[in-house]
Amino acid sequence: MTSPLLQIDRLTKRFGGVVAADAITLDIPPGEFHAVIGPNGAGKTTLVSLLAGEVAPQEGTIRFERSDITRLPVYRRSRLGLARSFQISSLFSDFTAIENVALATQAHRGHSFRFWRDARREAALRKPARAALARVGLAARAHVRVDRMSHGEHRQLEIAMALATTPRMLLLDEPMAGMGPEESVQMVATLRQLKGAMTILLIEHDMDAVFALADRITVLVYGRVIASGRPAEIKADAAVRQAYLGEKESSGHE
Amino acid sequence: MTASFDPPLEHAPASRLNGRTAFIVAMLAILALLPVYTTLTGDSFVMTLFSRVLILAIGAVSLNLIMGYGGMVSFGHAAYLGIGGYAVGILAKEGIGSGFVQWPVAIAVSALYALVVGALSLRTRGVYFIMITLAFAQMIYYVVIGLERYGGDDGLTIYQRSRFGGFIDLNNKTVFYYLCFVLLMASIYLVSRLVNSRFGLVIRGTRSNERRMRAIGFPTFRYKLVCFVIAGALCGLAGALLANHTSFISPALMHWTRSGDLIVMVVLGGLGSLFGPLIGTVAFLLLEEALSRVTEYPDMILGPVLLLVAIYLHGGIEGLLQWRRHD
């Protein structure tokens, strides 16, 4: 058996009296498409923030490729190959699409204490950026300023930027948030294409997408893992049905 | 901090001739030919005034690098003018008159000061950053007031301008003017290379969205710090020039209102544009000069003018020049 790429061990985060992550333990083997679902306030985004390094846990450890990254700053994790996308698009809105992605490429091609050469003319930065844009279907929109793009395009660009860092693992925080049905179909196509090419941890509200894509699913309720397994097992799980799927109808987007 | 200043990311300069390019070329031509006018008319006042414009424009270019491109609103930038000036003044008083020593010292001490201030202030943002840069500048201001040997509150007269062997004679006003002109052009060129390099894109990306920069793998702090130090060094050079220009330095050089003036020049000209700081400095100093002839309270008029610029002209004067229909 191959050792897991990401090992989360009893990870705990409390905000005041609220336990957002309650001794979460989870192993994700390389190549797996793993989805995390849960009702609003289950601590899904907290989990991404913990893994990305934006918040520090009180207890527990995170191992990536066997090395402990629990206390590593955000940028170091990105360097190791752990890339994330944001639930609320976090882009460089006054840059064009390709400039956004090229910057992500640049972060992983040596240091940037280079003061003279025009970085926009560096093929070594532009070519991979163009490839990443093509992968999410934005090739034709490369030179459009981000603040003039649609919401759906922003979501795709989020993914392209994560891809441009040549990650070993992607953390996707609700890539379909706020999308219309058509845009969602496109995003599912993008994700399906990525499946298998790299390890993916997806957090998502869209149940159809999750069950269509995931190899395994973990269900989070009040920061605690209540079930983890194959899609069919999750569908059949009594605790999940009661805690989550049962109330799906009433819960909207966050 | 960045929300209120949002200059568009400037692309590699287009060679197309438009109103803005024409304006800048005309302005540079006038600046380049000013000494000819002085020679013809014997009116040296204009050249003296514009030497000052060129020097302060270097300071504004430096501030624009961190504020316009980097989103770091330093409210203590005049401190570098003072440090650069006092480096020259103190060395001159101690008998070291060579510019080859004075100017590198002015630049190095300014850079060192920027390193200390930056290391402490760049961990904060927004209003806290502004307050810390101001606090440091005030500290230096009072330190200088305490330097009895170097004139304290009264300032220090510099009896001899920096000497550069036989190469450049700063006592010649025309030579000094052209030196300032060349150094200003060099600093604008330096900034133009810098902001389009990898380093520059990191700085601009950080202004736009620092959280994302870290998420894609940039240790943003060290880039901001280096940018802060480069700007400090450049403004220290302006300080050395200023001391030579006036042959006199005093703590007033680094009074906090001088830092405010520099911010005004940059905002007036256009944040995050290459020639904006020069345009802003020309406009500010000419306005100040003109108003001081007609009224005892130039600020009464300068204030409202600025208010209008801040409200209606987001790209400053430079932005007005390149105004186009938005699609």
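Which residues in helix 9 of chain B meet helix 11 of chain B? In this predicted model, B:Val264, B:Val267 and B:Leu268 make the contact from helix 9. Their partners in helix 11 of chain B are B:Leu306, B:Val309 and B:Ala310.

## Helices 9 and 11 of chain B

The contact residues of this pair are six nonpolar, no polar and no charged. Helix 9 covers residues 256-269, and helix 11 covers residues 299-312. Their axes lie 10 Å apart, at an angle of about 50°. That angle makes helix 9 of chain B oblique to helix 11 of chain B. The crossing is left-handed.

## Helices 2 and 8 of chain B

Helix 2 (residues 44-69) of chain B packs with helix 8 (residues 220-246) of chain B. Their axes come within 8 Å and cross at roughly 170°. Helix 2 is therefore roughly antiparallel to helix 8.

Helix 2 of chain B brings residues including B:Ile55, B:Ile58 and B:Leu63 to the contact. Among those from helix 8 of chain B are B:Phe228, B:Leu234 and B:His245. The contact residues divide into 15 nonpolar, four polar and one charged.

Nine residues of domain 1 and eleven residues of domain 2 form the contact.

On the domain 1 side, helix 6 (residues 181-194) of chain A gives the largest share, four residues. That side of the contact has four nonpolar, four polar and one charged.

Technical notes:
Residues numbered from 1 in each chain as written. Chains lettered and ligands numbered in written order. Predicted model: local features only at pLDDT ≥ 70, side-chain atom pairs only at ≥ 80, totals over all residues. Axes fitted to C-alpha atoms, helices over the stretch in contact; angles between N-to-C directions. Helix = DSSP H or I, 4+ residues; strand = E, 2+ residues; numbered from the N terminus. Parallel < 35°, antiparallel > 145°, perpendicular 65-115°, else oblique. Left-handed = near helix turned anticlockwise from the far one by under 90°. Contact = placed C-beta atoms within 7 Å. Nonpolar A, V, L, I, M, F, W, Y, C, P; charged D, E, K, R; others polar.
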